[in-house]
Amino acid sequence: MSSGPLLDDARLSRDVGLRVVSLVVPVTVTMLAVVWSFSYLSPIYVNNQVPPLQVVVNENNADNVREKFVYSLLAALTVVGCVMAATFAIVALYHFHLQFVLYGWLAFSAVCMFFMLLWIWLDLFCTYFQIPYNAITMGIFVWNFGAVGLVTLFYYSHPTVTQVYLVIASILTAWSLTSLPEWSTWALLICIATYDIVAVLWQQGPLHRLIKIAQERDEPIPGFIYDSAHRIAPISQPATENSAHVRPVSAESLMVTAQNAAPFKLGLGDFIFYSLLVSRASLSGFVSWGFCVVSILVGMVGTLLSLLLFRNSLRALPALPCSIFLSIVVFVLCRLLVGSLSTFASHHLLVL
């Protein structure tokens, strides 16, 4: 028996595995870090009970379930509306070659993450572990860390350093959103996943237009994008959009696709909302948390493989919907089924 097919299968598995692992690892690290921060640092934060959207609506002021649902939906739609407006603004600035305004906006966002949020997180970290510090030492550290982060994201650095800073930015932003009330969090996750479908797959969607313009200009997509390029094979030419249908994929064509496909890229918003869902699920126990983590990774891997197989007919795929909707369904099932089983087992001195 010839060893050629076996070697091809092994090479294909390795190529696909490297592309998947290059995103699974940072996503998992981000989720674990946000859950730890939410579990141990948020309870000692003096403003942890103040929702960031209280100027709009506050579901804690609702008198019944119906009002709570309406308030949470309004809060979620408010956030999605802000995200939509920001996305259209980015597309407009990029379309009219106003990169200096666009990158100034992004730099301001990075300053808020690496200076303000990092200071708060480090203060809580030192408080939790009872590590003494003074404002001068903390200021010098935060200033140097933030300055290096700005240079890394907007000028030049080693790809690994850039990825580390992007993961840290995701952790800080996701942790800041964990102060949202419970119902508002779940409503936000559902609404943002639905918006992601429209924004990416609709031909007039803002993210679809942004990707199209970037590919036509042969330029990188503006924004905070996690790129796994340095871990895998060189990038091939971008795919065209003239495929009317998807042809059957043979082993040989799949091998060529895996070897020549461009590296996977994931926006920081995907990191943030994955971590937000997992941190909220962690309040319901280890079982719900574990199932949600697995569901998110399964949905993300399925999306990545679909993008790899159908790269000739798709510019991009939304990374949120599959993982978010699958995790929400799994979370509800865990609350309804596994929760009762866990209670029964604990009453009978069993371990589940």
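What share of the contacts in the chain with a separation of 6 or more comes from residues 24 or more positions apart? In this predicted model, such pairs account for 79% of those contacts. The chain holds eleven helices and two strands. Along the sequence the elements run α-α-α-α-α-α-α-β-α-β-α-α-α. Of the 352 residues, 40% are buried. The chain exposes about 19000 Å², and 68% of this area is supplied by carbon and sulfur atoms.

The mean pLDDT is 82, and 78% of the residues reach 70 or more. Helix 9 (residues 268–281) has the highest confidence, at 95. Helix 8 (residues 251–260) has the lowest, with a mean of 48. Over residues 231–258, pLDDT stays under 50. For that stretch the model has 41 contacts beyond four places in sequence. Where pLDDT is low, predicted coordinates should not be read in detail.

An unreviewed UniProt entry annotates "transmembrane region" over residues 20–41, 69–93, 100–121, 133–156, 163–180, 286–310 and 316–338. Residues 69–93 are 100% helix and 0% strand. The end C-alpha atoms of residues 69–93 are 36 Å apart. Residues 163–180 are 83% helix, again with 0% strand. Here the end C-alpha atoms lie 27 Å apart.

A nonpolar patch lies on the surface. Its members are Val65, Phe69, Val70, Leu73, Leu74, Leu77 and Trp183. Together they have about 600 Å² of accessible area. Helix 2 (residues 65–95) gives the most to the patch, with six residues. Leu74 is placed in helix 2. This residue counts as partly exposed because its relative accessibility is 41%, which falls between the 20% and 50% cut-offs.

Asp196 presents a buried site. The residue sits in helix 6 (residues 182–201). With a relative accessibility of 8%, under the 20% cut-off, Asp196 is therefore classed as buried. Leaving aside residues up to four places away in sequence, Asp196 touches Leu207, Asp270, Pro318, Ala319, Leu320 and Pro321.

Terms used. Residues are numbered from 1 along each chain as its sequence is written. This is a predicted model: local features need pLDDT of at least 70, side-chain atom pairs count only at pLDDT 80 or more; totals for chains, interfaces and linings use all residues. Side-chain values use heavy atoms; hydrogens and water are left out. UniProt positions are given in the numbering used here, feature names are shortened, and annotations may be inferred rather than shown by experiment. Helices (H or I, at least four residues) and strands (E, at least two) are DSSP runs, numbered from the N terminus. Patches are made of residues with over 30% relative accessible area and no salt bridge: like charges are joined within 9 Å, nonpolar side chains (Val, Leu, Ile, Met, Phe, Trp, Tyr) within 5 Å. Accessible areas come from the Shrake-Rupley method with a 1.4 Å probe; for residues, only the protein chains shown count as cover. A salt bridge is a side-chain nitrogen of Lys or Arg within 4 Å of a carboxyl oxygen of Asp or Glu. Buried means under 20% relative accessible area, exposed over 50%, partly exposed in between (1.4 Å probe, protein chains only). pLDDT is the predictor's confidence in each residue, from 0 to 100. Contact means heavy atoms within 4.5 Å.
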